[in-house]
Amino acid sequence: MQDFEKLGVFYLGKPYDIPTQAVADEPVLYDAKDLTTHAVCVGMTGSGKTGLCLTLLEEAAIDGIPAICIDPKGDLGNLLLTFPDLKPTDFKPWLDPQDAVRKGLSLDELATRTAKTWKDGLANWGQDGARIQRLRDAVDVAIYTPGSTAGLPLTILRSFTAPPESTLRNPEALRERISAAVAGLLALMSIDADPLRSREHILLSNILAAAWKDGRDVDLGSLIREIQTPPFQKLGFLDVESFYPAKDRFEFAMSLNNLVASPGFQAWTEGEPLDVQRLFYTAEGKPRLVIVSIAHLSDAERMFFVTILLNEIVTWMRAQSGTSSLRALLYMDEIFGYFPPTANPPSKTPLLTLMKQARAFGLGVVLATQNPVDIDYKGLSNAGTWFLGRLQTERDKLRVLDGLEGASAAAGKTFNRSKMEQVLSSLGNRIFLMNNVHEDEPMVFQTRWALSFLRGPLTRDQIAELMQSRKLEAVASGSSTASSSFNADSATGARPILPPDVTEQFLPRRGDLPAKSRLVYRPALLGEARVHYASTANGVDQWKDLALLLPIDEGAAEFPWDDAHVSEDSKVECEQSPEQVAEFATLPSLLCKSKQYATQSTLLKDYLYRTSKLTLWKAPALKQVSNPDESEGDFRVRISQSNKERRDLDVEKLRAKYAPKLATVQEQIRKAGQRVEKEQEQSKGQMMTAALSVGTSILGAMFGRKLASTANITRAVSSAKAASKVMNEKADVNRAQETVGALTDKLNQLNAEFEAEVTKLQSASAAEAIELQEINITLKKSDIIVTRVVLLWTPWSRGSDGTTSALYEMG
C-alpha cells in the first residue's frame, strides 16, 4: 500500500464488479479537492454508511484536513478508538460483556478474537498499525458535548457577540445571522416563530440588530433587560408600546429568564467558548478532528445548538481567503429534520448558505442520512459527489434518483436513470455507488477496512471516560477566576465623596447575585489608550485600542500598571451610577485627588512604551509574513494551506507529464504481447506480469480512471499467459524476450523517476519544515496616546461567611 495521503487523495476502498461480485486489486482514490464541491452519503441502516464516512474522515485527518463533525447518534466517537498496537487489551474495555455471553466466550477470548479480526481486516486492505499511528499523530481528536459535562463542554454565550465587520457590511449576511440566532433561541423556548408575524422574533431581531450595528455584544442577561426596555422607540411605523405592550414583554422576558435560571441550562454556560477557528485548529496550529455529540439533547436543544454552530461556521468561512484546495470539512452524520424539502427550520438557512458559498473558501460539506425521503434534494443539487448505498424501499430509491438527476443537471452532466436504478438495486453491505461530477462516469466500490474500531454508539459514561484526561488538563491549564488581594472585611459600605473633577464609573454586574450575598464595589483604575505599530519593511501600519484594568488594594500608595489586566478593546461598557443596594470598599486617599489621574496617565504611557510589542512571524523561504495578531500556529495553518494549493498544482503537472509516457509504454507492451502470441513461443509470462504490476502501482493510483488503460493491460497479460503455455523453439523467441525485457526496464525507470518526483514534491510541501523568524515591532512614545485614566468601581459579591467572588469579566 502506497502513502497515498501524501498526494492529496483519499483511499476509500477498491472497485467492485457487481455481476461477478469481485473486488479489484487497485485502490479507489478520491481527490481531496473534489470535496470542495461537497458530498452526500445516503444508505439505510446496515449499509455501511457510517463506516464509509468514518474512513473519509480518517483520510482527511491523515492529510492534515481539520473537521467539525456533528454527531446526533453517538457513532462518531469511534474515531477515538484507534489502537496502533492492535492488542486484545486495547479492545477489551470497549466490548459488550453480553455479546461475549451470547457467543459462549469469555470477555478475554472475545477481545483476542476481535483484535485478530481487526488486524487481519486491515492487512487485507493494505493497512497496519503504523497507519493507525499516523492517524493519531496527524490530528488532535476530541469529543464536545454542549449542554453536558460528559465530554468537553462548550459555552454558547459567545453566540450573541457582534459579528465581524465583513458581516455587518453585508446586509443579507447580517439578516441571515440575526434571523437564525433568534429562531434558534425561540426554538429552545418552544416558540414556533414566524419571522414575519411573530412579535417575539421581530423584537429580538431588532434588539440584536441595534446592538451589533453599534459593535456591542449581547449576553442573555442584557437581552432580558432589553426585552423589557428596548433600545429603540419604534418598530416599523408603530411605537414599541403599541406593537408589544410592556406587560406582554415582561412575560416574555420572564420566560427567557426561567430558561436561563433552570438547573439544566447551567451546563450551556460552561466550557470553552464556541470558537470555530479553535475547533478546527489548536492554538499551536495542529489540525483537529472534533466530534460535537448532541445525542443527549432534546429535539429543541439540538436545533438550537446546531443553528448556532452553523452560523458560527458561516461567519468563520466568510473571514477566510478564497482557495480551490480543501481547507476544512464540516460533516453531519444525520441531516433528517435539519434540511427538509418544504418546512424551514432555523438550521436550513445556514446549511443552504454553506452549500452555495463554502466551495469558494475551501470548506467541504459532507451530509449523510438514512432517511432519504424527507430531505431537500433541490438544496443538495450543489453537491458534486454522491455516495449511494443500499436503500430500504422503492420510494427511497426514487427520491434518491430524483436528487441525483438534479445534481447531474446542475453540473452539466448526462444522467442514465435506468442504468443508475439497476445499479442501486444491486448494492449490498459496504458496496457503494460513487457519482462524482469530477470523474467521467460513476463507479461501484467496496469500502476499505476502517482504522478506527467500530464498536457502535458511545454512551455518555464512555464519552466521559475518553475525555477524562483532557478535562483534567483543561482544569490544570485554565485561567482562574478573577481575584485580588482584597479582604472581605475592607468593605465599609459608604460610597466615598469625590471632587467633581474626579471621574468615576461603574462596571455592570454580570449574572445574578448569589443567595445570602451582598453587592460590594471595589476600586480599580481603568486606562484606555491607542498605540500605533509601524514597520515599512514588514508592511505594518496598525492602530490598536487597549483597555487596562488595574485592581487597587486597600491602603495602596503605588499603583503599578504591570499588575493590570490588558484587553485589546477600548469599548469597556460602563455605567454612570451604581446599583441602589450596594456597599463600597475603602478608596486609597491618593485616588481622591484629581492630579493623581494625570500622574497615572504618564505612568501608563511609560508602561506601554516599556512592555508593548507586536510580534510577527516571517517565513523567509516563502517570502511571507504573518498578519498582525496572527499567532504562530495560525500562521503555520495559512502556510500549510498555501503549500496544499501548490502541491495540488504540482500533482496536476505531474499527471500531465507522465500521462503520455505511461500510455506509450503500455502501447508498446500491448504490441509485444501480440508478437509473442503470433509466434506461438513460450515466454516468461511472469516477467510480463511483474512489469505490468509495477506500472500500475503508484502510477495507476495517480491516474485512476482518468486514463483508459486497464483494458490494454488486461489484454496484454492475457496474451502473455496464453503464449507461455506453448512451447516453441523458433529463434525469434529471443528477440521477443529482449523486447519485453527492454520494456520492463523502461517501465521500471519510469516508475523510479515518478517516485523521485513524488518524494521531491512531498519534501517541498511540508509546512512543518519551514523555518520561521520572530519579528518584534516596538513602540515610540509618539505612537502612544493615552485617552483617559478614570476610577472604575468593580462589582463583587460578599457571602455571609465573608467569601468574595467577582461579578464581572476581567477582559
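How are helices H1 and H5 oriented relative to each other? In this predicted model, in which local features need pLDDT of at least 70, side-chain atom pairs count only at pLDDT 80 or more, and totals for chains, interfaces and linings use all residues, helix H1 (residues 49-62) and helix H5 (residues 129-138) pack at an angle of about 70°, with their axes 8 Å apart. H1 and H5 are therefore roughly perpendicular to each other, a label given to angles of 65 to 115 degrees. Residues are numbered from 1 along each chain as its sequence is written, and side-chain values use heavy atoms, with hydrogens and water left out. Helices (H or I, at least four residues) and strands (E, at least two) are DSSP runs, numbered from the N terminus, while axes are lines fitted to C-alpha atoms, for helices over the stretch in contact, with angles running from 0 to 180 degrees between N-to-C directions.

Where the two helices meet, Glu 58, Glu 59, Ala 61 and Ile 62 of H1 are in contact with Arg 131, Arg 134, Leu 135 and Ala 138 of H5, contact being taken as heavy atoms within 4.5 Å. The residues of this contact comprise four nonpolar, no polar and four charged.

Thr 114, found in helix H4 (residues 107-124), is buried, with a relative accessible area of 12%, and its contacts, apart from neighbours within four places in sequence, are Phe 91, Leu 95 and Phe 453. Most residues other than glycine have a negative phi. Gln 21, in the loop between strand S1 (9-17) and strand S2 (22-23), has a positive phi near 55° and counts as exposed at 60% relative accessibility. Leu 86, in the loop between strand S5 (67-71) and helix H2 (88-91), likewise has a positive phi near 55°, but counts as buried at 11%.

Definitions and conventions
Angles under 35 degrees count as roughly parallel, over 145 as roughly antiparallel, 65 to 115 as roughly perpendicular and the rest as oblique. Ala, Val, Leu, Ile, Met, Phe, Trp, Tyr, Cys and Pro count as nonpolar, Asp, Glu, Lys and Arg as charged, and the others, Gly among them, as polar. Buried means under 20% relative accessible area, exposed over 50%, partly exposed in between (1.4 Å probe, protein chains only).
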